[in-house]
Amino acid sequence: MGLGWHLHLSLLLTVCAKDAVIIAVGFNDFPRTIEVNENMAVGVVTNFTVSCTTPSSSGLTVTLLTIHPPTTFFNSPNALGNGTFQVTLSPGTDLNAREVNQYTLTFKAECQGETSVTSQLYIKVKEVDRLECDNTFLDTAARPLLIPENIAPETVIYQVTLKRRSRGTLQFAFENGSEPFTLNSIGEVLVPVTGLTRAQANKLFQMNIVVNDSDGRSCRSRLMVQVRPVYHNTVNFTESSTAVSVFENTGPLQNITRVHAHGEGHVLYEIISPKTIYFTINSETGEIKNTYNLDLYRNPELAETLLIVRAYDMLHPTDSATIVVNITVQYRNLQGPVCQPAIYVAEIPENSPTGMSLTTLSCIDKDSNNRTLRYQMENSQIPPNSFRMEGNVLQVNTTLDCDSVAMASLGFQYRATILVTDSGNPQQTTRIAVLVTASRVNEYQPECPRQLSFSIPEDATFGDCFANVNGTDRDYPFNKIEYSILGTQDVFYIGRHSGNLYVLGPLDYEKRKSYPLTISLKDVDNDVNSIEEHKTRCNITINVQNVNDQAPVCAPNVKTCNIYSTLASTTSNLTLQCHDNEEGSQLRYTIVGGNINGRFHMVDNMLFHNTFSYNRDGIFDPLNYELLVEVTDSPSTPRFSTTATIIVHVMPWTTTGPTTPIITTMSVSKKPIILHRTEEYWAPDPWFVVVLTFTGILLLSALSLLFWRFCCRKVPTETSQPLLQNRSKRMERNYIVTEEPGKDKGNISADSVSLSQANITCTTATVEHDAGCECGFPS
């Protein structure tokens with residue numbers, strides 16, 4: 001019955017009845033619990049119907065009694081007509097599941113002049129993943145955020161707060177993007193890196209900060225910032241220091257640099273430190289020049305000079321600012337270093353150790369012998385990081401490797417460039433090409449294969465390849481190995497370069513089951529010195545697999561025996577002596593010919609006979625039997641067989657005394673005959689068996705029905721009684737004839753005629769009398 005049954009029951013129990021009067025008003029289709037999303041602002045919460053059950057009832061009203069917890073989010077129910085009322089949300093509803101997740105509304109329904117009933121509606125507020133900014137702090141427009149004009153750069157002045165944070169990643173940005181302030185990734189508003197200027201004093205900045213999440217939701221936070229002015233010096237430089245570089249020997253009165261200060265009045269400049277005769281400044285323009293030629297050879301102290309320049313207001317000298325000017329005088333460098341050798345070409349073994357020194361460079365700088373030279377390898381080495389520089393010494397940095405296809409494609413040549421840089425200004429460089437060829441060295445021994453045991457069937461023929469001795473060699477060219485078999489043997493042969501194993505001589509599992517071989521692996525062409533060769537010996541085993549390739553042999557294959565016909569059938573007539581050279585063979589003996597009347601059978605290799613019949617008036621068995629016995633060596637393929645002949649002479653005997661068979665052995669040299677017999681059998685599909693069974697059932701049912709119809713007759717009346725009196729006698733005669741077929745055949749014919757006549761009589765009686773019908777044998 002569900003929730004509605006419990007609701008109706010609760011409504012019936014809460015109705016207040018007067019003077020034991022049955023409730024006349026009731027809520028219909030009133031939901032017990034409603035779920036709404038917290039982002040629902042307006043709309044219909046639910047509909048329900050109220051009915052007055054008393055015909056005289058009128059004036060149906062439904063009122064909202066209480067809301068718990070108290071709120072104005074829900075309107076009183078609206079009457080839609082026909083007893084239907086609707087509960088809606090009031091405008092401006094702001095549901096928040098984290099504050100209140102369930103509201104309980106109590107409704108009262110009454111009809112005029114009758115009892116009233118109350119019911120409660122539970123409204124569950126479902127939390128929704130949403131993004132909502134908190135503007136509580138910024139709602140008062142008359143209270144902007146005040147900051148001083150000289151606030152430190154990158155100071156945090158405001159942090160964006162959220163009423164509701166979504167689960168995705170948040171991004172903060174200014175809506176217009178023209179504010180001087182910056183906004184970082186966590187929603188902090190910072191003072192610009194350069195700070196605030198005097199022009200921004202007394203200004204009111206209004207900013208809209210947009211917060212976006214990864215699901216496309218966004219909200220806005222409003223911020224007003226007012227910059228309060230502070231008193232400061234009117235003269236200032238835009239930077240606290242500056243640096244400039246000039247070359248030596250350019251002549252006097254050359255423009256070195258120019259400084260510029262901002263001020264409200266007329267600004268003048270002067271050098272206050274150090275007291276120097278080599279530099280001067282124009283007090284009006286701030287332009288700095290050298291008064292003498294700057295020669296570092298004569299005056300090396302001029303290489304670097306720090307000037308402190310003061311800018312001040314002509315009318316207010318106390319309003320001033322200073323700047324540090326760093327003047328560096330550089331040497332004029334025109335020529336790069338000269339090195340010996342200018343190009344380095346060498347050939348070294350590939351196993352040269354790391355750190356081995358190859359050559360020492362001799363470089364000089366003709367501009368100045370006192371300058372420091374710096375040696376380094378350029379990043380264009382092929383392969384990378386092959387060499388290194390230790391001062392002016394070229395060394396091997398990594399192991400040189402010729403055992404790779406990549407180096408073979410490069411001709412085993414390593415290429416690099418040495419960069420020599422002087423310390424002049426501007427710096428001059430010299431490049432030295434390095435070409436080093438690594439010569440191949442036979443470093444590794446050939447390795448034996450993981451598989452050291454191989455199998456070959458014994459019927460393998462000359463030249464058959466049955467395995468591969470897959471040796472490996474890590475020297476380049478890889479796996480270039482010569483194979484040979486050590487020792488003297490003429491059964492197997494190995495390919496000199498391929499490592500394939502071939503059959504030379506015949507194999508016989510019965511004579512030898514395994515062959516241990518020692519394979520020699522010699523690597524070739526792995527060293528510039530052809531004499532450097534490595535050899536490895538691998539001991540392998542070749543196992544010969546047994547294959548059924550021989551037929552059974554019977555010795556002798558023709559046997560003769562004489563027996564009396566009265567010999568007991570449990571006594572063996574003779575035993576065939578057959579064997580098979582194959583291991584695990586199972587010999588089976590089967591009589592395939594000469595077994596007239598089925599008088600003999602085989603039990604394993606022993607011949608037994610059944611009872612003979614030498615009745616002149618009946619079956620008369622032969623006196624001589626030539627039995628062909630097939631002997632097979634396996635129940636499955638491959639299967640070989642041979643045929644043995646057993647000649648049995650049977651002597652009829654009437655006595656019951658025991659007789660002894662006379663066995664004559666004939667040694668006939670005959671080549672075994674191999675017989676192949678194919679046994680065919682029918683295996684129908686399962687569906688065919690089901691269809692055949694069903695068809696048989698239908699056919700038997702039809703035949704039974706037909707038989708019942710033919711045997712159906714009416715109940716005999718007095719007229720047909722004489723026909724039934726002798727029925728039992730005739731039936732007895734029928735049974736006697738069936739049991740003794742050798743009796744007089746004339747009686748059988750007479751009985752058959754009697755049965756026919758009786759059947760005709762019964763049929764005639766059935767037509768004449770319509771008293772009833774029964775099924776049975778005709779009498």
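Buried here means under 20% relative accessible area, exposed means over 50%, and partly exposed is in between (1.4 Å probe, protein chains only). With that in hand, select C465: at 45% relative accessibility, C465 counts as partly exposed. Now jump to C402, which is buried at a relative accessible area of 0%.

Before going on, note that this is a predicted model, where local features need pLDDT of at least 70, side-chain atom pairs count only at pLDDT 80 or more, and totals for chains, interfaces and linings use all residues. Residues are numbered from 1 along each chain as its sequence is written, and side-chain values use heavy atoms, with hydrogens and water left out.

Next stop, the disulfides (pairs of cysteine sulfur atoms within 2.5 Å). The count comes to four. Pick C133 and C219, whose sulfurs sit 1.9 Å apart. The S-S torsion of C133 and C219 is about 70°, so this disulfide is right-handed. C133 is in strand β9 (residues 132-133) and C219 in strand β17 (residues 218-228), so the pair ties together parts 86 residues apart in sequence. Strands are DSSP runs of E, at least two residues, numbered from the N terminus. Both C133 and C219 are buried.

Then try C339 and C363, with an S to S distance of 2.0 Å. Their torsion is about 115°, so that one is right-handed. Both cysteines, C339 and C363, are buried.

Finally, colour the open four-stranded sheet, ordered β10-β17-β16-β13 with mixed pairing; two strands pair if DSSP finds at least two bridges between them. At the edges are β10 (145-148) and β13 (171-174), each pairing on one side only. Zoom in on F172, which stands opposite V211 in β16.
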